[in-house]
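Student: I have a structure open and want to talk through a few parts of it. Can we start with the strands and then move on to the helices?

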Amino acid sequence: GSLTAVRGRLLWFGDDPFLTCPSKAVHYYEDGLLVCEDGKITYAGPYESARNAVPPRATFVHYPNHIIMPGFVDTHTHYTQTGMIASYGEELIEWLEKYAYPEEMKFRKKEYADKVANLFCDELLRNGTTSALVMCATYPQSVDALFEASNRRGMRLAAGKVLMDRNAPKELLDESVEEAKRQTEKLIDKWHGNGRSVYAVIPRFAISCTSEMLYAASELWKSRRGLLMHTHVSENPDEIAKVRCLFPDADGYLDVYKRHGLLGKGAIFAHGVHLTLKELATCHKKQSALAHCPTANLFLGSGLFSLRDAKRRARPVEVGLGTDVGAGTSFSVLALMNEAYKIAALKDYPVDAVRLFYLATLGGARTLRMHKKIGKLEPGYEADFIVLDPEATPVLANRTRKSEGRIEELLFALATLGDDRAVEATYVAGRLVHNRDKKKSGPRQ
Ligand code: GUN
Ligand code: ZN
């Protein structure tokens, strides 16, 4: 089988630093060695004590001063919006109608979907993202295109067709609840557990789904083990008001989903910017997770998510970070950390680098219920990892020199100044799938 060994600064999280003291949550080896065989990690620890245990047939790469950590997990994005990212001037509802829906209609054509799916997966890997939860279009072929592209690259991706049967252009809507159910069942059979793929049942949001469609989504979600449920909640004030009109009996936005059996372990809600403390307590109680999407929330002027409220120690909610392309403005999870810090700062809650990188790795893996397989560098875990370059740009290199090797300072500089340029290499299941400098010199041997 394939054998890969990499040497550098090893970093990962064993636990949630929002809940335990950071020194307990962090695993760090200044001069570490990571060994993987057949896609799984077999050793992670000090280089000195294991250097002689690396078999001579292993592909060995030394990344001096680089940080090797689990691949980033993007807990909410739309591959179908890759083409209209950076579209000007509207808030959520108008932005959907003017930009997002017209673009998604193009995914009826499989060739178009294939082209974007390949671009999208390559872009994830170039940014150090090895797993993601992705919304596709209504059309089943848009799901085929994405899983074909991610399976070809060996990635652990979760995705599904969006369910929507009202309040959008007719060409984009499901023909009926029954037809949407049939299509979803077929996609689950085809893709759930195919390679590393996970199927997610995705009622787009309460505005685009009738009550019947929401019930159908709940039934589909519970039809097989390990399926995820993914939707949007409480992103924008106009959206919330509209949901109140559409579901006058419900006790707020989250309660619409609760009444339809859509809360529980494996449910992931994107945004949740305006959730009340009571709704956050419900998320905790129902073990439902949130995808915090800072660049999208700023770009659409939706509001400022409160990490402090979500992560209250007495009733913490699982939170991951989401790029939410194309409302989000970057594919980079480092860029998400940068904006998440600023949003938290505006809420008088400066989040340290340890917490930011936790959200981007193990926090994301927990959000997607993949934390027993990815998100740590421990023996038995799947070998999805990245190599970050703290000297990627002149300013970053200068800042890194001033931090004199203090790892937390270095991580904070990477989170604030980093983007795709800081990702030197990406490995999926122990295989090198992105190598930033390949045109120049290849990885240093
Ligand atoms: N709510 C429903 N659909 C969408 C979408 O495509 N993007 C965002 N940001 N919010 C949504
Ligand atoms: Zn979204």
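**Strands, then helices**

Tutor: Alanine 158 stands opposite valine 198 in S9. Keep in mind that this is a predicted model.

Student: Which strand pairs with S9 there, and in what sense?

Tutor: Strand S7, residues 156–160, pairs with S9 in the parallel sense, over two bridges.

Student: And what about S8 and S9, how do they pair?

Tutor: S8 (residues 162–163) and S9 pair in the parallel sense over two bridges. Leucine 163 stands opposite proline 203 in S9.

Student: Which residues are on which side?

Tutor: Val198, Ala200 and Ile202 are on one side, and Tyr199, Val201 and Pro203 are on the other; both faces are covered. In a regular strand, side chains alternate between the two faces of the sheet.

Student: Helices now. At what angle do H4 and H5 pack?

Tutor: About 15°, with the axes of H4 (residues 140–152) and H5 (residues 177–191) 10 Å apart. Angles under 35 degrees count as roughly parallel, so H4 is roughly parallel to H5.

Student: Is the crossing left-handed or right-handed?

Tutor: H4 passes H5 in a right-handed crossing.

Student: Which residues make the contact?

Tutor: Pro140, Val143 and Phe147 come from H4, while H5 supplies Gln183, Lys186, Leu187 and Trp191.

Student: What classes are those?

Tutor: The contact of H4 with H5 has five nonpolar residues, one polar and one charged.

Methods
Residues numbered from 1 in each chain as written. Chains lettered and ligands numbered in written order. Predicted model: local features only at pLDDT ≥ 70, side-chain atom pairs only at ≥ 80, totals over all residues. Axes fitted to C-alpha atoms, helices over the stretch in contact; angles between N-to-C directions. Helix = DSSP H or I, 4+ residues; strand = E, 2+ residues; numbered from the N terminus. Parallel < 35°, antiparallel > 145°, perpendicular 65-115°, else oblique. Left-handed = near helix turned anticlockwise from the far one by under 90°. Contact = placed C-beta atoms within 7 Å. Nonpolar A, V, L, I, M, F, W, Y, C, P; charged D, E, K, R; others polar. Buried ≥ 20, exposed ≤ 12 C-beta atoms within 10 Å, placed from the backbone. Pairing = 2+ DSSP bridges.
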